[in-house]
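Welcome! Please take a look at the protein model below, and then let us walk through some of its parts together.

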Amino acid sequence: MNKVKIQIGSRSYQIACDPADEDKVRKFGALIDENYAKLGSARAAQEAENLVFAALFMADELDEARTDVGNARTELAQANAELARAKDDITNAARKAKSEVEQDIEKASKGKAELNAEIETLRKAEEHSRKEAVKLKAEIAAMQEDARHQHDLFGSAEDNAAHTKALAEKLEALALRAETTATELEGLAKAS
């Protein structure tokens with residue numbers, strides 16, 4: 001054990017302590033002396049009473065420090081609870097956002113698939129329309145050719161009338177098919 005000398009007021013004290021605690025004893029001695037000095041001219045005649053008053057000052061400071069620590073712990077517990085709630089809120093918000101994004105991606109994928117199917121349908125309709133147009137042009141060409149040969153040497157007026165009527169019927173049928181095809185294309189265009 002080592003001895004450490006501390007000064008409190010006008011008196012010195014020799015304190016026995018472990019060598020590792022010497023600095024701590026000096027520090028505490030200075031703290032006691034600081035509180036002892038607060039007595040000023042109100043010091044009692046008995047030195048023991050003065051030391052008791054200095055100890056009371058220190059006890060008051062210790063009590064305030066403990067109260068402050070208790071309040072700080074309460075505030076820390078409240079802050080930790082708020083932090084936990086905030087983390088839960090963030091986690092829930094992240095889950096919800098992830099779910100919404102996944103749903104949006106799924107909707108977009110379905111929409112893309114539907115658009116691709118619609119594009120394919122329109123391509124097929126366009127191809128069908130082209131084939132129909134080629135067919136109609138061929139029929140028109142054939143009718144025009146028939147009309148040119150209508151007045152051959154062996155034909156009669158009745159034959160010419162019959163050819164004219166047949167030609168008119170074919171033209172009406174052709175016009176009706178053209179209208180039907182146009183209506184189908186318009187319906188496909190509106191659906192997309």
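## A walk through the model

Phe-57 lies in helix H2, which covers residues 47-148; helices (H or I, at least four residues) and strands (E, at least two) are DSSP runs, numbered from the N terminus. Before going further, note that this is a predicted model, in which local features need pLDDT of at least 70 and side-chain atom pairs count only at pLDDT 80 or more, while totals for chains, interfaces and linings use all residues. Residues are numbered from 1 along each chain as its sequence is written, and side-chain values use heavy atoms, with hydrogens and water left out.

Phe-57 is partly exposed, with a relative accessible area of 30%. Here buried means under 20% relative accessible area, exposed means over 50%, and partly exposed is in between (1.4 Å probe, protein chains only). Together with Val-52, Phe-53 and Leu-56, Phe-57 makes a nonpolar surface patch of about 350 Å². Val-52 also has its place in helix H2 and is partly exposed, at 48% relative accessible area. Patches are made of residues with over 30% relative accessible area and no salt bridge, where like charges are joined within 9 Å and nonpolar side chains (Val, Leu, Ile, Met, Phe, Trp, Tyr) within 5 Å. The areas come from the Shrake-Rupley method with a 1.4 Å probe, and for residues only the protein chains shown count as cover. From Val-52 to Tyr-36, 16 residues apart along the chain, the C-alpha atoms are separated by 9.2 Å.

**In the core.** Which residues make up the largest nonpolar core? There are eight in all: Val-4, Ile-6, Ile-8, Cys-17, Val-25, Tyr-36, Leu-39 and Ala-54. Strand S1 (2-8) and helix H1 (22-37) each supply at least two residues of this core, and S1 gives the most, with three. A nonpolar core is a set of buried Ala, Val, Leu, Ile, Met, Phe, Trp, Tyr and Cys residues joined through side-chain atoms within 4.5 Å. In soluble globular proteins, nonpolar side chains tend to be buried together. Leaving aside neighbours within four places in sequence, Val-25 is in contact (heavy atoms within 4.5 Å) with Val-4, Ile-6, Ile-15 and Cys-17.

S1 and strand S2 (residues 11-17) run antiparallel and are joined by seven bridges; two strands pair if DSSP finds at least two bridges between them. Ile-8 stands opposite Arg-11 in S2. The two strands form a hairpin with two residues between them, and Gly-9 in the turn has a positive phi of about 65 degrees.

**Charged pairs.** How many salt bridges does a search of the whole structure find? The search finds nine, a salt bridge being a side-chain nitrogen of Lys or Arg within 4 Å of a carboxyl oxygen of Asp or Glu. Here are some of them:

| Pair | N to O distance |
|---|---|
| Glu-106 and Lys-110 | 3.4 Å |
| Lys-131 and Glu-127 | 3.4 Å |
| Glu-132 and Arg-177 | 2.6 Å |

Glu-132 counts as buried at 13% relative accessibility, whereas Arg-177 is partly exposed at 28%. Glu-106 and Lys-110 are separated by about one helical turn, because they are four residues apart in helix H2.
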